[in-house]
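Open the model in your viewer and show it as a cartoon. This tour says what to select at each stop and what is there.

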Amino acid sequence: MRVRTTLAGLMAGLLAALAPAAPALADDRHSFDLGAISNPDWMAGISDGTSLAALSIPGTHDTMARDVTAIAETQESPLPEQLDAGVRALDIRTRHFQDRFTIHHGAVYVNANFTDVIRQTTDFLRAHPTETVLMRIKPEHTAEQNTRSYEETLDWYLEENPETAGLARDFVWTPPSGDYATRVPDLGQVRGRIVILQDFDGAGRVYGPRWAGSGMSIQDDYEVPTLFDIAGKWEKARTHFETTRTGPAGTLHINFLSGAGVGAFPIHVASGGFGFRGTNDHALAYLRETDLPRTGVVMADYPGPGLVEEILAENP
């Protein structure tokens, strides 16, 4: 154990020195330039009666975490570029601070606020009304200097804030009465809308399907201590793809390819390095070789054009 711990420390130092150079790799499996592809209207050809649970949906883990520290950064492309490429599932981590939502990855502020997320997402939906965007909203880091609850601040953004309330009224889906805390809507119900995946209490209000509720099956084992552990992380993701293949049709399956640890930064878990294959590389090869009826939602760090388009190709 002592040898392994020492190795992890040495690996962390080496990764810190080399991490900025990693995105320059030219191979498609290691290229993170989502600006190289454009799939802004891929949902247009899917029938209204199709459940979102039946789709193969590219997503991004810690969607807004770019241009920050190597251990906190998870994306190269900005949100508008992600959406144009075909990403339709976002992972939005909100710190409740001074009655506002700043966007964080852990303790790291990622130079964005919830208003930015709403504006950029609704700008896209205004231009592409056949699409829908799933948005996981989750409290992150410590809540400080607030005079109201997390849900009250979210309601302020959705109903009162002059910068976002009008956008929310027009573009955020409001679940009808019924079982939508667990049931996933059909595409026709939510075209042109943001569907909140509710990863917070809500104080009795249903904002959208409950994260990790009975209507979802999630694999998010994010602990990858060293590069030697990437293969184990991929095995968990591969197993979840197999679960998605045979799981209940109405269950929204969400599979995270992402992970990190002291000896494995997000970029290297995703793309590999030093002789190790990354999870994105494993997933791309697996999807090319396997006939799946759906992938479910695939959440990734640094997804490349090849991975995004391979996920989209699994749709009917």
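Buried means under 20% relative accessible area, exposed over 50%, and partly exposed in between, with a 1.4 Å probe and protein chains only. This is a predicted model: local features need pLDDT of at least 70, side-chain atom pairs count only at pLDDT 80 or more, and totals for chains, interfaces and linings use all residues. Residues are numbered from 1 along each chain as its sequence is written, and side-chain values use heavy atoms, with hydrogens and water left out.

Helices (H or I, at least four residues) and strands (E, at least two) are DSSP runs, numbered from the N terminus.

**Stop 1: helix H10**

Select residues 305-313. This is helix H10, with 7 of its 9 residues buried. Colour the buried ones: Pro-305, Gly-306, Leu-307, Val-308, Glu-310, Ile-311 and Leu-312. Now show what covers them, including S1, helix H2 (79-85), helix H9 (279-289) and strand S11 (296-300).

**Stop 2: strand S2**

Move to residues 89-97, strand S2. Here 8 of the 9 residues are buried, so the strand is largely enclosed by the rest of the structure.

**Stop 3: the partners of S2**

Two strands pair if DSSP finds at least two bridges between them. Pick Thr-60; its bridge partner in S2 is Leu-90. Ala-89 stands opposite Leu-134 in S5.

**Stop 4: the hairpin**

Select strand S3 (residues 100-105). S3 pairs with S2 in the antiparallel sense over 4 bridges. His-96 has Phe-101 as its bridge partner in S3. Finish at Gln-98: the hairpin of S2 and S3 has 2 residues between the strands, and Gln-98 takes a positive phi near 55 degrees.

Terms used:
Contact = heavy atoms within 4.5 Å.
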